[in-house]
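Let's walk through this model together, one question at a time. Keep the viewer open and follow along.

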Amino acid sequence: MPSHRKPRTRIGTTAPALGVTTAALASVSLLAQSADAAPAVPTGPKPSIEEVQKKVDDLYRQADLATQKYDAAKEATATQRAKADALLDQVAAGTAKLNDTRRVIGSYAAAQYRDGGVTPTMTLLFSDDPQAFFDQNQLMGRLSDEQQKTLSTFESERAANAKKRAEASRSLAALTTSQQTLRAGKQDVQTKLAAARTLLSTLTAQEKARLAAIEKEKQDEAKRRAAELAAQQAAAAAKKKATPPAGHAPSSPSSPSSPSAPATTKAAKALAFARAQMGKPYVWGATGPASYDCSGLTQAAWKAAGVDLPRTTWDQVKTGTRVATADLQPGDLVFFYDDISHVGMYIGNGMMIHAPHSGAYVREESIYYMPIYGSVRPA
């Protein structure tokens, strides 16, 4: 018998890109990307440009953290929905089977009644506890072994179905909780990005120019440190090539010891995929193909190489082999901040490809642009 469940409401999983980057402050149009009304402009003493830059960066980092929580809630919701659907399907199938067995027992009851051996109270068979009636000795004595077996089967099926119903009820309650967490996470991201937009909207053209200059200084310093790492890696690779282990031939220029060569074919495939996404917009909660958030990009890149990574940065950092920054090879994942709220893919020479934050696009950037938490090699 087909189930007659009411259709369950599905929650949208892709949200519009919001906000602006401090590196593109001249693009005033980015301030209007959100359909949500921005919070009121704060009152009080106006912060310095340096304070604004620090606050905006911190808000984007908080939005990154909120995005990872949102991603985790979205994944949990999808898993819980699938579990609830499966349980409800099992309940529907169990109910259909139970009704079939009930009809067989009903035919026994009708036959007994026609023979005059049982009173009309046989209708108790269709109560919630028909076994209570059949437990009467005079009735059980009149049932054949097959009929008694059918009754026992009915009781077992009824108990099992009741258990499944209770399990499905708990699963639906858990789904509701997951959906509430998902909505709260979405609101949290939107709040952080709206706060950043509001703060930037208070700046004059001259202040935006100053903020852009501060951003450039930060970028230049990060690139300088990336160049230092590239030189260190090149020197280490040259030394290793010049002094190979006993019994081994010198490394070729394309050896994995080279800082520009991916360690494995899978890493090369993941890196090629990431490069192909350059210029696509960051959208929090997105996993492609048109847009990505940071962990959505790394997950999709390694999936293209045949490696399944978890959805969030917190789980991705646990997958693979930990590597030191000096030992990074193309394809490795680099994680940032103490809360592990951001991730990028190393491409060599101290640089990475990553999806920065709302208002920005997938791009190359120095791994030193943000404080490094650690790195892993997925395969």
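Q: What percentage of the 379 residues in the protein chain is buried?
A: First, what we're looking at: this is a predicted model, where local features need pLDDT of at least 70, side-chain atom pairs count only at pLDDT 80 or more, and totals for chains, interfaces and linings use all residues. Residues are numbered from 1 along each chain as its sequence is written, and side-chain values use heavy atoms, with hydrogens and water left out. A residue is called buried under 20% relative accessible area, exposed over 50%, and partly exposed in between (1.4 Å probe, protein chains only). On that basis, the buried share of the 379 residues is 45%.

Q: What share of the contacts with a separation of 6 or more is made by residues 24 or more positions apart?
A: A contact here means heavy atoms within 4.5 Å. Take the contacts in the protein chain with a separation of 6 or more; the part that comes from residues 24 or more positions apart is 70%.

Q: Which word describes how helix 6 lies relative to helix 7: parallel, antiparallel, perpendicular or oblique?
A: Two packed helices are described by the angle between their axes and the distance between the axes. The axes (lines fitted to C-alpha atoms, for helices over the stretch in contact, with angles from 0 to 180 degrees between N-to-C directions) of helix 6 (residues 265-276) and helix 7 (residues 294-304) come within 7 Å and cross at roughly 130°. Angles under 35 degrees count as roughly parallel, over 145 as roughly antiparallel, 65 to 115 as roughly perpendicular and the rest as oblique. So helix 6 is, relative to helix 7, oblique.

Q: How many nonpolar, polar and charged residues are in the contact of helix 6 with helix 7?
A: Helix 6 brings Lys 266, Ala 267, Ala 270, Phe 273 and Ala 274, while helix 7 brings Ala 300, Ala 301, Trp 302 and Ala 304. Ala, Val, Leu, Ile, Met, Phe, Trp, Tyr, Cys and Pro count as nonpolar, Asp, Glu, Lys and Arg as charged, and the others, Gly among them, as polar. The tally for this contact is 8 nonpolar, no polar and 1 charged.

Q: Why is helix 7 described as largely enclosed by the rest of the structure?
A: Look at its buried residues: Cys 294, Ser 295, Gly 296, Leu 297, Thr 298, Gln 299, Ala 300, Ala 301 and Trp 302. Helix 7 is largely enclosed because its buried residues number 9 of the 11.

Q: Which residue does a cis peptide bond join to Gly 288?
A: Head for the loop between helix 6 and helix 7, where you'll find Pro 289. The bond there has an omega of about 0°, and the partner of Gly 288 is Pro 289.

Q: Is Tyr 337 buried or exposed?
A: Tyr 337 sits in the loop between strand 2 (333-336) and strand 3 (342-348). Its phi is near 70°, a positive value in a residue other than glycine. Its relative accessibility is 18%, so Tyr 337 counts as buried.

Q: What is the relative accessible area of Ile 340?
A: Ile 340 is found in the loop between strand 2 and strand 3. Though not a glycine, Ile 340 has a positive phi of about 50°. Ile 340 is buried, and its relative accessible area is 11%.

Q: How far apart are the C-alpha atoms of Phe 336 and Ile 367?
A: Phe 336 belongs to strand 2 and is buried, at 0% relative accessibility. Not counting residues up to four places away in sequence, Phe 336 touches several others, including Met 352, Ile 367 and Tyr 373. Phe 336 and Ile 367 are 31 residues apart along the chain, and their C-alpha atoms are separated by 8.8 Å.

Technical notes:
Helices (H or I, at least four residues) and strands (E, at least two) are DSSP runs, numbered from the N terminus.
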